[in-house]
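Please look over the sequence and the 3D structure shown below before reading on.

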Amino acid sequence: MAKDTVTIIDNSTGKELELPLRRGTIGPAAVDITSLYREFGYLTYDPGFMSTASCRSSITYVDGNEGVLLYRGYPIEQLAEHSHYIEVVYLLLYGELPNQQQLADFSDSIKAHTMINESLKSFYHGFHHDAHPMASLMGVVGSLSSFYPDAADIYDSQQREIAAHRIVAKIPTIAAASYKYSIGEPFVYPKNSLAYCANLLNMMLSVPSEDYEINPVAAKALDLIFMLHLDHEQNVSTSTVRLSGSTGTNPFACMATGISALWGPAHGGANEAVLTMLEEIGDVKNISKYIEKAKDKNDPFRLMGFGHRVYKNYDPRAKIIRKMCYEVLDKLGDSSDPMFELALKLEEVALNDDYFVSRKLYPNVDFYSGIIYRVLGIPTNMFTVMFAVARAPGWVAQWLEMITEPDQRIGRPRQVYEGAKPRDYLPLSKR
Ligand code: SDX
């Protein structure tokens, strides 16, 4: 029977090393190199981790070639059609879809923790009024560790669970407060009679002086967008949460590291950058100029919302959001929204250009999401905050999996050193 191993040969010494193959339930096998340095004295070199599996996980699976996304084995298309955000959060945290009682208990537990300590409100006043809401979100989420010191006991399963529920419950409240502070409006308390996403919209868009009616179309659209953003394997913000979590720090600090990593325009910041790009392009007649800029290696401009490290096919989430744009614009906005028309035309031109086709650059989750956020009345500088709110429970699920992993250990990558060889100190008089 063929052995499930690979053998590497060091041609400089003729030495051979047989390494086991580690196979998951689906997806590519991994060469287990844990013994490589010990046995062979060699490291592997893989900047950007293009070919590196950093962990084992049972939460999410992405097939980039086929454009497949599974949450605990369920295709995203089926969850998008039949489920809702809080149910999928339960699925990711506990591994199975909840029954009626489990869903009710989970939902009640989340509702019991939606408020934040009143003294936290003064934290926002330390930010300049025009601070980007991601800055205050990152700071306030990290500060939760000072309110719940017991969360530091990460090896206590009950402390882990209550911390997880607090993060899921409070991040919308903190995000909405970040927005309210940035526009000088009073904070709006959570209303637990509302569903999760409706509650967030109410905290962001209502004011104490007026009655505010949640539009069910808007609430459903946000719920769907949040489901699509919930988790995505070992993307850079999730990997940041895992790496910081591997030091044993508390979960609130880990979430703050995830928020900081997500902020970058190459990652979660892309949704905000897409709208800025569309506004800069301004008109269909300018598309070809910007397509050429995106292709020009001497121009730092990239087509934001296009391309993906893993998807070399259409991002299944982008497909769903693109379809949702038609429905939401039809019911809530202007079905001839110029930004949406421009995005559709830009996609059409790019997907007929060999530069993008040959590199398998397709629209990703961030390309169309901003179109919908705008129609919901959410300002551009809150787009990445929305991504962080939706992704936080995914980070929590990954953090929980990492902490309870039997062979969990601190993450500490190595390097290929190219610096100066050992040399002696030279006194100033001799330099
Ligand atoms: C997210 O990992 C995840 O799962 C992330 C995410 C999640 O749910 O967590 O899916 C969310 O972050 C989506 C990605 C959002 N970012 C953007 O939309 C920013 C624009 N995209 C690019 O910056 C880029 O595509 C990345 C960062 C997304 C991927 O970078 P890679 O995998 O390192 O790709 P690459 O830079 O190696 O690109 C390969 C080629 C290069 O050209 P050549 O050297 O082969 O000539 O494609 C080019 C790149 O220059 N290229 C682009 C491009 N993206 C890649 N050229 C123009 N415009 C682009 N957008």
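Which residues have the most contacts inside the largest nonpolar core, and how many residues does this core have? The largest nonpolar core has 125 residues, and those with the most contacts inside it are L137, F226, L303 and Y368. Here a nonpolar core is a set of buried Ala, Val, Leu, Ile, Met, Phe, Trp, Tyr and Cys residues joined through side-chain atoms within 4.5 Å, where buried means under 20% relative accessible area with a 1.4 Å probe, protein chains only. Helix α18 (residues 383–403) provides the largest share of this core, 15 residues; helices (H or I, at least four residues) and strands (E, at least two) are DSSP runs, numbered from the N terminus. In soluble globular proteins, nonpolar side chains tend to be buried together.

The model is predicted, so that local features need pLDDT of at least 70 and side-chain atom pairs count only at pLDDT 80 or more, while totals for chains, interfaces and linings use all residues. Residues are numbered from 1 along each chain as its sequence is written, and side-chain values use heavy atoms, with hydrogens and water left out.

If neighbours within four places in sequence are left aside, L303 is in contact (heavy atoms within 4.5 Å) with M277, I291, A294, L346, A350 and F356.

The spaces were found on a 1 Å grid over the protein atoms alone: a cavity is a set of points where a 1.4 Å probe fits but cannot get out, a pocket is an open set with protein on both sides within 12 Å along at least five of seven lines, and lining residues have an atom within 4 Å of a point. Grid points are joined across faces, edges and corners, and a volume is the space filled by probe spheres set on the points. In the table, Ala, Val, Leu, Ile, Met, Phe, Trp, Tyr, Cys and Pro count as nonpolar, Asp, Glu, Lys and Arg as charged, and the others, Gly among them, as polar.

| Space | Volume | Lining residues by class |
|---|---|---|
| Largest cavity | About 110 Å³ | nine nonpolar, one polar, three charged |
| Second largest pocket | About 400 Å³ | eight nonpolar, one polar, seven charged |

Of the 13 residues that line the largest cavity, I116, T173, F187, V188 and Y189 are the closest to its centre, and helix α7 (residues 157–182) gives the most to this lining, with four residues. Among the 16 residues lining the second largest pocket, L224, I320, K323, M324 and E327 lie nearest its centre, and α14 supplies the largest share of the lining, eight residues.

Notes. Buried < 20%, exposed > 50% of the residue type's maximum accessible area, 1.4 Å probe, protein only.
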